[in-house]
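Subject: Structure handover

Hello,

Here is the structure we talked about. Please open it first, then read the notes below.

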Amino acid sequence: MSRDARLYPLRQTHVEPDDDALWNWAQNAQIGSRHQVQRPASEAELQRLIRESHGQIRVIGSKLSPGRMLHVSDDDVLLDLSALSGQLASDEQSVTFGGATPLEQVYRSLTEMNRMLASSPGVIAIQTLAGAMATGTHGQGLQQSSIADEALAIRMVLADGSVREFVRGDADFPAAQVSLGALGIVTAVTLRTQPFSIFTCHKYAVSADTLEEDLLRWNNDYPLSKAWWFVDDNLMHVWNAHEASDEERQRYEAQGRQVVEHEGDVDESLNDTIDQTLAHMHRDTQIEGKGGKQFRTVTRFRDFTDVTGDIYQLFCRGIAVPQINVEIGVPLAKTPAIIRRIKQWYAENRPHMHYPIILRCTGASSAWLSPAADQPTCFFGFVVYYADDGSLSQEGLHFLTEVEKLLAEEGGRPHWGKYYDEERYNWREIYPQWDTFRALRSQLDPNGRLGNDYITPLFD
């Protein structure tokens with residue numbers, strides 16, 4: 001297999017319903033066979049299954065991760081933990097959910113309780129809670145970090161079938177927060193909560209000429225900030241949100257807690273750029289007409305206006321569609337210099353831009369293996385969508401390769417649940433607690449049962 005095919009696999013566009021092969025969500029990698037999937041109905045049944053089985057074990061979750069994270073060999077076990085989901089307990093400060101609870105259910109339950117997480121949501125809500133935490137999923141805003149940073153307790157079934165509860169304050173709790181599934185199988189998570197808030201999101205189209213300074217200012221001035229960089233046109237589309245005013249909150253409640261669009265503020269200034277981006281995407285994906293969810297990720301920027309809503313309505317807006325998604329977190333302090341370097345590289349090479357660069361910043365994470373561990377971080381996100389025939393734009397992939405190389409040289413850390421070239425990173429160098437995590441993994445799983453052909457070499 002070529003290096004590009006391993007990093008950016010082509011997609012199977014048709015899988016027979018009766019095929020025993022089990023694919024990841026994007027259908028670009030087989031992770032095992034359907035007959036290998038076990039579905040324990042309770043934690044006790046999961047414990048028994050682990051004790052009585054042999055070989056390695058991986059949890060399939062929502063299967064959104066690259067296939068190499070999930071794949072097991074023929075004699076190994078794949079776990080579907082969907083029965084271990086839902087709200088389990090709550091008090092005034094926290095709520096406990098089963099590890100397999102989809103994020104959309106977590107957010108819905110919290111909203112119904114007039115509660116919310118302090119962390120901004122990731123954009124895709126079909127992820128499981130345990131999977132989102134294990135890979136370092138995050139939102140946007142320097143006043144918060146990853147979803148895992150809101151955990152108070154993480155309950156796991158370990159490789160020997162015993163149960164261990166990691167509690168905030170324990171010396172090794174930061175290892176359990178972002179663990180890649182390598183320490184144990186998460187069955188329950190207790191999350192700290194805060195009172196429900198409403199936000200007003202201001203949307204702008206501005207020049208990227210001063211992005212180096214603007215990005216830091218936006219993130220310092222607003223609790224939530226996200227930006228899309230249309231490099232070809234030297235333009236930014238920016239979402240900056242703050243808590244809504246009393247009047248905006250009352251209007252939101254009067255509208256049945258539905259998103260309120262601010263009348264009279266429609267901005268058409270980005271429409272030409274949107275048309276150009278759509279033309280590139282149509283060419284790359286070979287899809288004619290308007291069809292395809294991937295195009296809605298861009299057309300939503302047309303005729304934009306300010307909006308008021310809750311944090312999930314405003315920022316959990318991702319559209320799950322097969323793609324190669326690369327996201328690299330770099331130290332916030334280095335971000336202005338990195339932006340200048342990207343501008344210079346773009347001016348010299350004029351690479352093909354399949355999709356705008358997505359910029360999200362977060363505060364430091366307490367999790368040892370979070371890409372934002374111990375430092376405020378700016379995440380640079382890049383997307384190449386699959387064509388209808390399962391192929392990928394070679395120009396788009398070349399761009400991904402080159403920009404990842406640039407960011408890795410700057411001390412970047414890749415998002416664990418997305419696509420990256422592990423050969424570009426010295427894990428021990430970029431993660432100060434790497435060896436401490438490895439030692440804990442060896443203690444909790446001395447036989448490497450919770451690994452696979454990717455996880456085991458990563459740590460061993």
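Strand S14 (residues 224-230) and strand S15 (residues 235-243) run antiparallel and are joined over 7 bridges. One of these links is between Trp 229 and Met 236, the latter in S15.

A word on the source. This is a predicted model, in which local features need pLDDT of at least 70, side-chain atom pairs count only at pLDDT 80 or more, and totals for chains, interfaces and linings use all residues. Residues are numbered from 1 along each chain as its sequence is written, and side-chain values use heavy atoms, with hydrogens and water left out.

Some terms next. Helices (H or I, at least four residues) and strands (E, at least two) are DSSP runs, numbered from the N terminus. Two strands pair if DSSP finds at least two bridges between them.

**The sheet**

S14 and S15 belong to an open sheet of 9 strands with antiparallel pairing. The order is S16-S17-S13-S15-S14-S19-S20-S18-S21. Strand S16 (260-261) and strand S21 (413-414) are at the edges. Each has a single partner strand, so one side of each lacks a neighbour in the sheet. Helix H8 (residues 246-254) packs on the sheet. H8 touches strand S13 (198-207), S15, S16 and strand S17 (307-310); contact means heavy atoms within 4.5 Å. The direction of H8 makes about 70 degrees with that of S17 (axes are lines fitted to C-alpha atoms, for helices over the stretch in contact; angles run from 0 to 180 degrees between N-to-C directions).

**The salt bridges**

A salt bridge here is a side-chain nitrogen of Lys or Arg within 4 Å of a carboxyl oxygen of Asp or Glu. The count is 24.

Look at Asp 421 and Arg 6. Their side chains form a salt bridge (3.9 Å, N to O). Asp 421 sits in the loop between S21 and helix H14 (427-430), and Arg 6 in helix H1 (residues 3-7), so the pair ties together parts 415 residues apart in sequence. Asp 421 is buried, at 1% relative accessible area, while Arg 6 is partly exposed, at 29%. Buried means under 20%, exposed over 50%, and partly exposed in between (1.4 Å probe, protein chains only).

Now Asp 435 and Arg 438. Their closest N and O atoms are 3.1 Å apart in a salt bridge. Both lie in helix H15 (residues 434-444), 3 residues or about one helical turn apart. Asp 435 is partly exposed, at 34%.

Finally, shared partners link Arg 6, Arg 68, Asp 421, Glu 422, Glu 423 and Arg 424 into one salt-bridge network.

Best wishes
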